[in-house]
Amino acid sequence: MATTPLPPAGQATIPAVGNPGGGASEGLPPPPGTDMTGICFRDQLWLNTYPLDRNLVFDYFALSPFYDWSCNNEQLRARSIHPLDISHLSCVAPSRRKMTGTEYALSEVMEPNLFVIRKQKRDGPEKVSPMLTYYILDGSVYQAPQLSSVFAARIGRALYHISKAFNTAASKLEKIGYGICSPKNYRLFLVLLLQDSHSVQLRGI
């Protein structure tokens, strides 16, 4: 399958990462562990020129700073093969079984509004390990946060609201002259805490 046409250089929210052939410092992937979840890439000129569909979406994604020019997909592009051709990425043919390393795969498509691209490490014909996930929403490219980051944010928010509820209950107990740590007043403390449970806002956590 022939590769899709290369898009023209356009004005983007984040400048496109250059092809490594254009310079020694261009095309290098960000260091491992770099947080790029706060970056949004968009090239309006490209979007005005080409349709964003499953055949061209990879060429658009390759303009973004999220793209690693050393990936397996780029090797396919250099051989005039569509970069998302799964028969080549999975190394089905005996002559292509040595293809290993970083690659991108299109995992979900809802044309033309949503595309989900998964970055993965290939260690063999049928052995891949997921690394990161990116999504293109209405032409804007984002890096999806990792699950651990989501959990950390949710837990931090929950602890904040729970701490706030405890402080409110403790303040009410102090006003009426009761000690929180006294076993005698533990039930009263729980009652006051439940009365203020609306401040925890569990539905928003």
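**Core and accessibility**

A: I86 counts as exposed, because its relative accessibility is 55% and the cut-off for exposed is over 50%. The model is a predicted one. I86 sits in helix α4, which spans residues 86-89. Its C-alpha atom is 9.7 Å from that of L106, a residue 20 places away along the chain.

The core itself can now be described. The largest nonpolar core has 23 residues, and those with the most contacts inside it are L52, Y60, F61, Y67, Y104 and I136. Two or more residues come from each of helices α1 (44-49) and α2 (57-61) and strands β2 (114-124) and β3 (127-137). The most come from α2, which gives four.

Y60 shows what such a position contacts. Beyond its neighbours within four places in sequence, Y60 is in contact with F41, R42, D43, W46, L47, L52, I136, G139 and V141. Two of these partners, L52 and I136, are themselves listed with Y60 for the most contacts inside the core.

C71 is buried, because its relative accessible area of 0% is under 20%. A search of the whole structure finds zero disulfides.

Key: Residues numbered from 1 in each chain as written. Predicted model: local features only at pLDDT ≥ 70, side-chain atom pairs only at ≥ 80, totals over all residues. Heavy atoms only, no water. Core = buried A, V, L, I, M, F, W, Y, C linked by side-chain atoms within 4.5 Å. Buried < 20%, exposed > 50% of the residue type's maximum accessible area, 1.4 Å probe, protein only. Contact = heavy atoms within 4.5 Å. Disulfide = S-S within 2.5 Å.
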